Amino acid sequence: MRYSQMLLPTLKENPSEAEVASHRLLLRGGFIRRLTAGVYAYLPLGLATIRKVEQIVREEMNRAGAQEVLLPIVQPADLWIESGRWTKYGPELLRFKDRHNRESCLGPTHEEVITDLVRMNVHSYRNLPLNLYQIQTKFRDEIRPRFGLMRGREFIMKDGYSFDLAEEGANLTYQKMYDAYHRIFARCGLAFRAVEADTGTIGGSFSHEFMVLAATGEDTIVICRAAGCGYAANLEKAAGPASEAPKEPADMLPLEKVETPGQRKVAAVIAFLGIAPSQLVKTMVYLADGKPVAVLVRGDHEVQDVKLKNLLGAVDVVLADDQQIFEATGVPSGYLGPVGLKILVVADREVAVMRNVVIGGGEKNYHFRNANLERDFRVEKFADLRQVTATDRCPCCGGELEFPKGIEVGHIFKLGTSYSQAMKATYLDKDGQEKFFVMGCYGIGVSRIVAAAIEQNHDQDGIIFPLPLAPFKVVVLNLSPNDEKISGAAEAIYQGLLAAGTEVLIDDRDERPGSKFKDADLVGIPFRVTVGKGFTADGTVEVRRRAGATVAVPLADTVALILAEIDREMSALAGQS
RNA sequence: CGGGACGUGGCUCAGUCUGGUAGAGCACAGCGUUCGGGACGCUGGGGUCGGAGGUUCGAAUCCUCUCGUCCCGACCA
């Protein structure tokens, strides 16, 4: 491609709408332009990058035995009503009516559509297992789209769905996808980690997320430091260690009500009473689908609402505000305790082994000392409800934990029969028995990978694309388009690379050298060949790896050298998987 | 939805407090000089000041409403 003919509007200044690196650089580099909140147009360079990701995804999905399809983006409400998600999915599902007043929606995901397709067309065990995927635009009406391609409302996703005869087969398929995902992200040249995850709205029995490690990631993940352990989980999911302290029959001291005027926060109460935060139990009130629930956790722990949601089987849990707390319990916030509470009380399992604790007094300006479970208050259910902290140990091996940030670029779920049952999707087995398909679903955020790759690989000058994702592998800078000798050399390299099938951009614009260097750095093309004064002087051109060293190379050797470098690096990445 | 900030040429922003003929830099077009890390000079084109209503002799500026965008929390690839 010739730069002079390409729509590649780079920006010298930082757009005010962009905060994070990937968003800023994608805008500045002329990859994308915003149309409206969370909706972007892909310019030629942006599309070329998306295509690189798609191609890797496609190759690995096909290699793993999946087949590509393309499903409709507009979906009828009926299907969603059938699966039960028309009511469950919430406002992210963009709904509308067509001219016949039929309820419809824009597909945020395609479980319903694919299940419908398969139940209509697959009836026999002979046609199973089946693994179908598509690469397509999704729409989710996110509450707050942000960070450019990182969290758009419209985005490109690879979503795949598997249909198996039974559990064992489904587990095998899941493992295949897990392996394929590893190959995909490795081939993209990304530093990533697979972690155990919560199953979220899509539902199902277990799941893994694939996280690109980057300081700006929106998710916190928990990783065990111990060599050979390999425990890694999303913070939402990470198991709190089982309570160590035995349920010792420690001497229960008599319950004592103490005055704590104005002491509402944990920090204030412990300071006032001169105790450690681990000797206090705080009582949090949540509204689970609108119904109040009291949740007990140790003073230095935090409630993990995803765990709470799962325990209660709720669609939605939110922390109650002061007024809601008072309405539900009759106690002002800050002094609430489990004694005499009329609403459902659940607790983190750590609470079960605590003795002689401080709790809210159930009236303004009072707390209890030496409260004890069973004797003084009741708990309906115990479960792991708290967020793991830095002082916790690995639930697998007891090793130390670290908490890096990550960007979720892939998520695989084992769905089981939840959709096939809801939508009556069945096949006949060998014995003529009607059975439900055992399903799995597998997503990759294609456009998000581009953003994640940039978050992980950039410097103050611009993007540093991993070779496999770069829209062009090489950029040739012709520093003097008016000089025949220099232009001839630049053209020779350009043509040589083109002939070898390499994606190459030649900067043939009538611009000053400075602009060409700046733009080349900005858009992050891995190899840069500069043809200028050096060539006039001694017949060499400069080859430079983005953010690397420059070497002078005789014109005749240039193409071969670059091709060899590219080949070496690409096969290293492919082999590593 | 709650909290915060902001809408002025294509981009970045000044001007708004204290009402009085819409500005700068970049980008764009022409000419000239320049030419290895975003050059310089001269000339030129381009703006319903987000929109509507109001106050006023007069509104980018004050008031009301409205739309949009960005940032912080709950959703997710």
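Which element gives the largest share of the lining of the second largest pocket? Strand β14 does, with five residues.

## Model and conventions

This is a predicted model: local features need pLDDT of at least 70, side-chain atom pairs count only at pLDDT 80 or more, and totals for chains, interfaces and linings use all residues. Residues are numbered from 1 along each chain as its sequence is written, chains are lettered from A and ligands numbered from 1 in written order, and side-chain values use heavy atoms, without hydrogens and water.

## Second largest pocket

The volume is about 430 Å³. A pocket is an open set of points on a 1 Å grid over the protein atoms alone, where a 1.4 Å probe fits, with protein on both sides within 12 Å along at least five of seven lines; lining residues have an atom within 4 Å of a point. Of the 20 lining residues, Arg-264, Thr-283, Met-284, Ser-333 and Gly-334 are the closest to the centre.

Two or more lining residues come from each of α7 (266–273), β14 (281–288), α9 (322–329) and β18 (357–360). Helices (H or I, at least four residues) and strands (E, at least two) are DSSP runs. The lining divides into eleven nonpolar, five polar and four charged residues; Gly counts as polar.

## Helix α12

Helix α12 spans residues 484–499. Its buried residues (under 20% relative accessible area, 1.4 Å probe, protein chains only) are Ile-486, Ser-487, Ala-489, Ala-490, Ile-493, Tyr-494 and Leu-497. They lie on the same side of α12 because they cover an arc of only 165° around the axis. On the other side, Glu-484 and Ala-499 are exposed, that is, over 50%.

Key: Points joined across faces, edges and corners; volume = space filled by probe spheres on them. Expected span 1.5 Å × (residues − 1). Arc of directions from axis to C-beta.
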